Amino acid sequence: MDVNKRAVLQPLREEKPAPAPPTTYWGSDAVAASLRALDIPFIALNPGASFRGLHDSLVNFLGNEQPQMLLCLHEEHAVGIAHGYYKVAGRMMAAAVHANVGLMHATMPIFNAWCDRVPVLVLGATGPVDAVKRRPWIDWIHTARDQGALVRDYTKWDDQPASPAAAQESVMRAALLAGTAPRGPVYVCLDAGIQESRLDAAPAVPDASRFAPPPAAQPAPEMLRRAAKLLDGAQRPVLLAGRVNRNEQAWRDRVTLAERLGARVLTDIKQAAAFPTGHALHPVPPSTFLSPAGAEILREADVILSLDWNDLAGTLKTAYGPAAVAAKVIQVSVDLHAHRGWSMDHQGLPPVDCHLLAEPDLAVPLVLDAMSRRAPAASAPKKAAPAAAAPAGDEITVASLAAALNDALGDADASFLRVPLSWSGEYRAWRHPLDYIGADGGAGIGSGPGMAVGAALALRGSGRIPVAVMGDGDFLMGVTALWTATHYGIPLLVVAANNRSFFNDELHQERVARERGRPVENRWIGQRIAGPDIDLAAMGRAQGAAAFGPVTEPAKLVAVLRDAIDAVRGGAVAVVDARVATGYAGSMSAGMMRTGKAEGKS
Ligand SMILES: Cc1ncc(C[n+]2csc(CCOP(=O)(O)OP(=O)(O)O)c2C)c(N)n1
Ligand SMILES: [Mg+2]
């Protein structure tokens with residue numbers, strides 16, 4: 001393999017249409033003009049006749065730029081790519097999905113984006129609302145009375161405008177709502193009849209600046225004073241660093257806050273990097289559920305400051321059990337604005353003594369200013385030594401895979417776009433907000449490849465190596481998303497931690513068997529993805545990726561990963577099929593241990 005140590009940034013593939021000087025204008029041109037006005041960079045889609053009008057406008061009215069189309073092989077990828085892109089870029093993308101069936105394919109990633117509070121502008125369509133205009137059969141099965149009902153419970157807003165002018169307003173409102181915290185996906189259904197109606201003149205271009213999301217809301221001054229007083233008086237404060245943004249200054253502000261308070265900090269592996277995990281004040285690795293060590297720290301706390309911690313109530317319950325929470329709790333979050341009746345993604349109801357109704361990244365500097373404590377607290381606790389690398393055995397484990405990846409990456413800046421369920425937070429330190437983008441929000445397996453492609457798209461040119469480590473189950477459900485990356489030239493390393501099983505659920509079967517006194521050794525049935533073993537490298541190669549493996553020998557792994565990383569540096573998508581032993585790492589935690597056995601995470 002050609003060893004190329006420097007990142008090569010090939011231009012993103014552009015698909016330039018033949019020029020089409022406008023002679024006529026159409027309803028869908030008005031929608032396209034709105035997307036341009038909103039500065040939407042990309043629109044990921046799988047085509048469909050219900051939005052053929054919009055498709056034509058994107059190509060022939062806008063010239064396939066701003067937004068540029070990204071063709072996807074499944075609607076799940078289209079929304080997942082938009083989701084992953086936002087998680088890195090902090091910028092909203094659009095996705096277009098076909099009437100009824102396309103939206104049905106997109107429901108899971110829309111739910112994921114909803115749970116992750118990530119904005120995505122989902123455009124859909126319906127066969128003509130006016131029955132007279134419907135073609136026989138197909139337009140009838142692809143017309144629904146209320147398509148938005150499919151996603152209404154996990155979007156911030158949906159609409160089905162009834163004219164081109166109303167469609168422009170609808171898209172502006174959708175973007176405004178999606179981009180206002182708490183953020184989330186929105187759905188606008190475009191009637192095919194309206195898209196294909198002729199306009200008398202070129203559509204107006206909305207002034208998007210007049211419909212922009214308002215500046216982030218400030219917390220109430222009284223609450224800020226109260227929070228500062230609680231923190232000034234705290235002896236053993238704990239900071240729960242949850243859902244925060246990718247901004248470097250905000251990262252430094254959190255470190256300053258923790259150091260000034262001498263607060264111990266916990267982070268969550270479901271969320272993006274929120275604090276340097278190697279810092280002395282970050283004593284336990286990020287985990288899916290609160291670890292026993294984390295619970296101990298929370299029980300000792302006198303003041304707990306939650307920076308939009310996902311599931312504050314469940315976390316406190318893990319630490320305190322049924323007893324009242326002894327510590328004073330400060331919650332910094334606007335999330336309650338997103339809490340609805342259909343989905344329980346709002347989690348339990350936490351006891352809160354002081355609520356700053358603001359986004360954490362805005363609130364932290366205000367809290368720092370309001371506090372009287374100025375100097376860093378004197379005694380930082382000693383950081384526990386990181387776990388020693390597991391000794392090399394006959395089989396690759398997820399721990400040894402992580403160690404090999406760390407070795408192969410060396411000092412390079414890498415962004416982890418996914419880690420598998422079997423990953424433990426101690427395997428790699430986060431030192432920068434872009435070191436890790438967190439999980440998918442809704443725990444929908446199959447989101448890994450699509451979200452990784454979207455995040456890698458946003459990382460192009462950053463000098464960071466995009467790395468997605470994912471379970472074989474996650475990989476297999478979404479693998480064709482990688483074609484979008486190879487087609488457009490989006491470098492990305494995908495490492496499949498291939499245990500040839502939906503292993504998380506083997507653990508669930510094991511638990512049930514134990515409870516029922518039935519044979520534990522049957523846990524694999526209906527779970528193993530073996531016999532035949534699937535050649536994941538070949539699946540990657542089929543999408544146009546540089547493919548490596550299957551790798552079964554621990555001794556060969558670092559060299560293979562180096563080659564794969566070099567391929568990514570050269571601009572490729574690389575897929576490594578690493579055959580790992582079944583088994584989960586030692587991060588199993590109190591919440592999982594109801595029966596005292598290691599259990600599945602989701
Ligand atoms: C769409 C969807 N289907 C099923 C599940 C249930 N589920 C949770 S984890 C898991 C197994 C995932 O397998 P893999 O990605 O290979 O990870 P492993 O557990 O083997 O490490 C499944 C099926 C889910 N969360 N989402
Ligand atoms: Mg698996």
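1. Ground rules. Because the model is predicted, local features need pLDDT of at least 70 and side-chain atom pairs count only at pLDDT 80 or more, while totals for chains, interfaces and linings use all residues. Residues are numbered from 1 along each chain as its sequence is written, chains are lettered from A and ligands numbered from 1 in the order in which they are written, and side-chain values use heavy atoms, with hydrogens and water left out.

2. The ligand shell. Ligand 1 is surrounded by 17 residues, and Asp472, Gly473, Ser501, Asn504 and Tyr584 are the closest; a residue counts as near when one of its heavy atoms lies within 4 Å. By class, the shell holds seven nonpolar, seven polar and three charged residues. Here Ala, Val, Leu, Ile, Met, Phe, Trp, Tyr, Cys and Pro are nonpolar, Asp, Glu, Lys and Arg are charged, and the others, Gly among them, are polar. Helix 15 (472-478) and helix 17 (503-516) each supply at least two residues of this shell. Helices (H or I, at least four residues) and strands (E, at least two) are DSSP runs, numbered from the N terminus.

3. Polar contacts to the ligand. These are pairs of N or O atoms within 3.5 Å. An oxygen atom of ligand 1 is 2.7 Å from a side-chain N or O atom of Asp472, and an oxygen atom of the ligand is 2.9 Å from a side-chain N or O atom of Asn499. The backbone takes part as well: a polar backbone atom of Asn504 is 2.8 Å from an oxygen atom of ligand 1. Taken alone, ligand 1 exposes 580 Å², and the protein buries 80% of that (Shrake-Rupley method, 1.4 Å probe).

4. Five strands make an open sheet in the order 14-15-16-18-17, with parallel pairing; strands pair if DSSP finds at least two bridges between them. Strand 14 (414-418) and strand 17 (546-551) are at the edges with a single partner strand each, so one side of each has no neighbour in the sheet. From one strand to the next, the twist averages 20 degrees. Strand 16 (residues 492-498) and strand 18 (residues 573-579) run parallel and are joined by seven bridges, with Leu492 opposite Val573. Helix 19 (residues 554-569) packs on the sheet, touching strand 15 (465-471), strand 16, strand 17 and strand 18, and its direction makes about 170 degrees with that of strand 17. Contact means heavy atoms within 4.5 Å; axes are lines fitted to C-alpha atoms, for helices over the stretch in contact, with angles from 0 to 180 degrees between N-to-C directions.

5. Three bridges link strand 12 (residues 328-332) to strand 13 in the parallel sense, and Val332 has Leu356 as its bridge partner.

6. Backbone details to look at. The Gln66 to Pro67 peptide bond is cis, with omega near 5 degrees, and Pro67 sits in the loop between helix 2 (52-61) and strand 3 (68-71). Gly549 and Pro550 are also joined by a cis peptide bond, with omega about 10 degrees; Pro550 lies in strand 17. Asp311, a residue other than glycine, has a positive phi near 70 degrees and is found in the loop between strand 11 and helix 11 (312-320).

Technical notes:
A polar contact is a pair of N or O atoms within 3.5 Å; within protein, one must be able to donate a hydrogen and the other to accept it, and residues adjacent in sequence count only if both atoms are side-chain atoms.
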